[in-house]
Amino acid sequence: MQIGAAAQAVVDMISDAGVQATIDGRDLELPGALVAPETISADRLGGDYTVTWNVYLVAADAGPVEALDDLGHMFDLLKDALGVGEARPVTLTLPNHAADPLPAFLLTFSTNVTD
């Protein structure tokens with residue numbers, strides 16, 4: 001199963017919608033999206049899998065109003081492209097970006113991955 005290739009396809013989909021995205025937190029440009037698999041289910045016979053993805057929309061800690069505006073803008077760009085209708089406010093610690101947790105929205109959606 002090519003989870004790395006599937007993750008890159010998600011990154012490409014997000015980038016095509018207008019949001020900078022990566023699977024490597026070291027390469028994340030703020031504001032931007034960080035993609036990580038949440039669950040991988042072998043729920044069908046053969047080489048088909050369902051991968052549930054966590055997409056963290058992350059903003060710089062430039063004050064709550066600016067951060068929420070950045071997060072809201074990214075959510076607006078991605079909600080239709082990813083087929084999601086909600087975002088959960090969270091914080092995310094990225095040691096190479098800030099000592100304190102950064103404001104973020106968590107989006108979750110699933111894709112089919114074929115081996």
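This is a predicted model: local features need pLDDT of at least 70, side-chain atom pairs count only at pLDDT 80 or more; totals for chains, interfaces and linings use all residues.
## Helix α1

Let's start with α1, which covers residues 3-16. This helix has 14 residues, and the distance from its first C-alpha to its last is 20 Å. That is close to the 20 Å you'd expect at 1.5 Å a residue.

Which residues of α1 are buried? They are I3, A6, A7, V10, V11 and I14. If you look down the axis of α1, these buried residues fall within an arc of 145 degrees, so they line one face of the helix. As for their neighbours, the buried residues of α1 pack against β1 (21-22), β2, β3, α2 and β5. Just after the helix comes G18, with a positive phi of about 105 degrees.

## Helix α2

Next up is α2, running over residues 64-82. With 19 residues at 1.5 Å each, α2 should span 27 Å, and its end C-alpha atoms sit 25 Å apart, which agrees. Have a look at D76 while you're there: α2 has a kink of about 30 degrees centred on that residue.

The buried residues in α2 are A67, L71, M74, F75, L78 and L82. What do they pack against? Their partners are α1, along with the strands β2 (32-41), β3 (48-58) and β5 (102-114). Just after α2 you'll find G83, which takes a positive phi of about 70 degrees.

## Salt bridges

Now for the charged side chains. Side chains of opposite charge can pair when their charged atoms come close. How many salt bridges turn up in a search of the whole structure? The count is 2.

One of them joins R26 and D24, whose closest N and O atoms are 2.6 Å apart. R26 is exposed, at a relative accessible area of 65%, while D24 is partly exposed, at 22%.

The other pairs D80 with K79, and here the closest N and O atoms are 3.6 Å apart. D80 is exposed, with a relative accessible area of 65%, whereas K79 is partly exposed, at 28%.

## Putting it together

So what should you look for on screen? Then follow α2 along to its kink at D76, and on to G83 with its positive phi just after the helix.

Terms used: Residues are numbered from 1 along each chain as its sequence is written. Side-chain values use heavy atoms; hydrogens and water are left out. Helices (H or I, at least four residues) and strands (E, at least two) are DSSP runs, numbered from the N terminus. The expected span of a helix is 1.5 Å times one less than its number of residues. The bend at a residue is the angle between axes fitted to the seven residues ending there and the seven starting there. Buried means under 20% relative accessible area, exposed over 50%, partly exposed in between (1.4 Å probe, protein chains only). Contact means heavy atoms within 4.5 Å. The arc is that of the directions from the helix axis to the C-beta atoms. A salt bridge is a side-chain nitrogen of Lys or Arg within 4 Å of a carboxyl oxygen of Asp or Glu.
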